[in-house]
Amino acid sequence: MPKIAVIYKSKYGAARTYAKWISDKLHADLFEADNISTQTLNNYEVIIFAGSLYASKLTVYANIKKFYKKLNKDKKIYCVIVGISNPQHKELYEDAINKNFKNKEKENITFYFLRGAIDFSKLKLHHALMMLMFRKILASKNIQTEDDKVFLENYGKKIDYLNKNSINDLVSDVKNYLKEFK
């Protein structure tokens, strides 16, 4: 029986790419979030959810919420949050975690933040409008961070921060967890 399941929900491909890389590196089974059941997930020791962040909403959160209460309590759960912002700025991601997860959920999930990609030419209308509003907000700020400046300079272009090496901490953490509980 496989020990690890990687579950992803991706709108434009970044979360799917990371999920595939994680799955390959850990020899895990890979599932799209809407195509998996609680019964199947209960066959795994480690479950890794991967989703993207859009306006502080995590794409895979509804799936996590659906499974969380129904999963056997012996599962180790990880959540990979993919966003365009620099993962070094933890406060941005912590704010998103607080908006999406209840305290009990946060206590039982280990979070990782990875930097994604955006291709403005492929955005659906509502996401393009969100990005336009975000651009206007950033442009009107008196003091802009380096991330703000990079975003504004590259607005409308393809921005790709995907980095296969950025999964290494998660992969190491999962391997260490499995060693501890053999």
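**Close-up 1. Salt bridges in the predicted model.** Five salt bridges are counted here. A salt bridge is a side-chain nitrogen of Lys or Arg within 4 Å of a carboxyl oxygen of Asp or Glu. Side chains of opposite charge can pair when their charged atoms come close. This is a predicted model: local features need pLDDT of at least 70, side-chain atom pairs count only at pLDDT 80 or more, and totals for chains, interfaces and linings use all residues. Residues are numbered from 1 along each chain as its sequence is written, and side-chain values use heavy atoms, with hydrogens and water left out.

**Close-up 2. The salt bridge of Lys9 and Asp34.** The side chains of Lys9 and Asp34 meet at 2.8 Å, N to O. This pair links distant parts of the chain, 25 residues apart. Lys9 lies in strand β1 (residues 4-9), and Asp34 lies in the loop between β2 and α2 (38-41). Helices (H or I, at least four residues) and strands (E, at least two) are DSSP runs, numbered from the N terminus. Lys9 is partly exposed, at 23% relative accessibility. Asp34 is partly exposed too, at 46%. Buried means under 20% relative accessible area, exposed means over 50%, and partly exposed is in between (1.4 Å probe, protein chains only).

**Close-up 3. Two further salt bridges.** Lys75 and Asp74 pair through their side chains at 3.6 Å, N to O. Lys75 is buried, at 12% relative accessibility, whereas Asp74 is exposed, at 55%. Lys141 and Asp148 form another salt bridge, at 2.6 Å, N to O. Here Lys141 is partly exposed, with a relative accessible area of 33%.

**Close-up 4. A patch of positive charge.** Lys65, Lys69, Lys73, Lys102 and Lys104 gather on the surface. Patches are made of residues with over 30% relative accessible area and no salt bridge; like charges are joined within 9 Å, and nonpolar side chains (Val, Leu, Ile, Met, Phe, Trp, Tyr) within 5 Å. Lys and Arg count as positive and Asp and Glu as negative, while His and the chain ends are not counted. Look for Lys69 in the loop between α3 (61-68) and β5 (76-83). Lys69 is exposed, with a relative accessible area of 68%.

Close-up 5. Ser23 sits in helix α1. Is Ser23 buried or exposed? Ser23 is buried, at 6% relative accessibility. Beyond its neighbours within four places in sequence, Ser23 is in contact with Val6, Ala28, Asp29 and Leu30. Contact means heavy atoms within 4.5 Å. His27 lies in the loop between α1 (14-26) and β2 (29-32). His27 is exposed, at 73% relative accessible area. His27 is not a glycine, yet its phi is positive, about 55 degrees.

**Close-up 6. Thr38 and its contacts.** Thr38 belongs to helix α2. Thr38 counts as buried, at 16% relative accessibility. Which residues does Thr38 touch, not counting those up to four places away in sequence? They are Phe67, Lys70 and Leu71.

**Close-up 7. Tyr155 and its contacts.** Tyr155 is in the loop between α7 (146-154) and β8 (158-160). Tyr155 is partly exposed, with a relative accessible area of 25%. Leaving aside neighbours within four places in sequence, Tyr155 is in contact with Phe120, Ala128, Met131, Leu132 and Arg135. Tyr155 and Lys20 are 135 residues apart in sequence. In space, Tyr155 and Lys20 are 27 Å apart, C-alpha to C-alpha.

Methods:
Accessible areas come from the Shrake-Rupley method with a 1.4 Å probe; for residues, only the protein chains shown count as cover. The place of a charge is taken as NZ of Lys, CZ of Arg, CG of Asp or CD of Glu.
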